[in-house]
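Okay, thanks for coming, everyone.

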Amino acid sequence: MKKVVSIILCMCLSGALTCLSAKSGIEAGYLNSAYRFKAGNETENSDALSGFYVAATRNIKLLGGLSLQPGLSYSYLTKNDKEDLAGFTMNLSQTEHYIGIPLRLQYRIEILPVLNVFAYTGPSFNFGLVGKNKADISSSILGQNINGSYSYDYFSNKLKSDNISDEVLAEINKNMSESQYNRFDIQYGIGAGVGLFKFLEVRGGYDWGLLNRLKNNDNKDNSIKRNQFYIALSVRF
């Protein structure tokens, strides 16, 4: 009985020491993301979306320079294009919002008391909040201006427009097939950085998409995966 109590006390003490050695942090930075399309033996990358991300993280020291770094992040990505076709001007945009849970295993080496370098690797579990394509269309026919706005969320599978009545729009959405993209995604990444003055970090990394984002895909040779690059500034406290 005494031995069991001793083991429990040691585990509690170990947990307390781990919490004491953990450091919280906030990081924010530039994010660049693109989809990789595969159809049979052919692959193609989409135009990149650019944006930013912010994350709250916890750095839990394990052994020596090794630590575990879980976190919670929010990402915003967008791109804009303009096309002129047969007298119609179309302003096109794509916007995506994600919530992510990164889980990194990190190793740090101290070079000087005020300088260290580190590398990390691990997965990130992401959930798509909004994935929207929007088109603002304008034209002039026989002196009459024609304008309209259309948007489609490929996560929720909903179409919106200021040129279509609510009744017709409801009927269209009712008969739409299931959304084309899965909301859930897993990426695996690697990264490295430099730490300064025990509290400031500059980091950069790359994440590869592991899951096929196509929903209800019968052809296993077709896939869409999302990869991303980022560079960020972190503050530890």
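What follows is a quick walk through the aromatic pairs and then the pockets.

Quick housekeeping: this is a predicted model, so local features need pLDDT of at least 70 and side-chain atom pairs count only at pLDDT 80 or more, while totals for chains, interfaces and linings use all residues. Numbering starts from 1 along each chain as its sequence is written, and side-chain values use heavy atoms, with hydrogens and water left out.

Rings, then. I'm pairing rings of Phe, Tyr and Trp (its six-membered ring) if their centres lie within 6.5 Å, with planes under 30 degrees apart called stacked, over 60 edge-to-face and the rest tilted. That rule gives eight aromatic pairs. Take F52 and Y76: their centres are 5.7 Å apart and the planes sit at 35°, so this pair is tilted. F52 is in strand β3 (residues 49-63) and Y76 in strand β4 (residues 66-85), so the pair ties together parts 24 residues apart in sequence. Strands here are DSSP runs of E, at least two residues, numbered from the N terminus.

Buried or exposed? Buried is under 20% relative accessible area, exposed over 50%, and partly exposed in between, with a 1.4 Å probe and protein chains only. F52 is partly exposed at 40%, and Y76 is partly exposed too, at 25%.

Now look at Y98 and F155, an edge-to-face pair at 6.2 Å centre to centre, with 75° between the planes. Y98 belongs to strand β5 (residues 88-112) and F155 to the loop between β7 (144-153) and β8 (158-161), so parts 57 residues apart in sequence get tied together. Both Y98 and F155 are buried. R226 also lies over the face of Y98, 4.0 Å from the ring centre; the rule for that is NZ of Lys or CZ of Arg within 6 Å of the centre and within 35 degrees of the ring normal.

On to pockets. On a 1 Å grid over the protein atoms alone, a pocket is an open set of points where a 1.4 Å probe fits, with protein on both sides within 12 Å along at least five of seven lines; lining residues have an atom within 4 Å of a point. Volume is the space filled by probe spheres set on the points, joined across faces, edges and corners.

The largest pocket has about 430 Å³. Its lining has 19 residues, with K23, N59, R108, N116 and K198 nearest the centre. β5 gives the largest share, three residues.

The second largest pocket holds about 240 Å³. It is lined by 15 residues, and K79, S93, Q94, N133 and Y154 are the closest to its centre.

Conventions. Helices (H or I, at least four residues) and strands (E, at least two) are DSSP runs, numbered from the N terminus.
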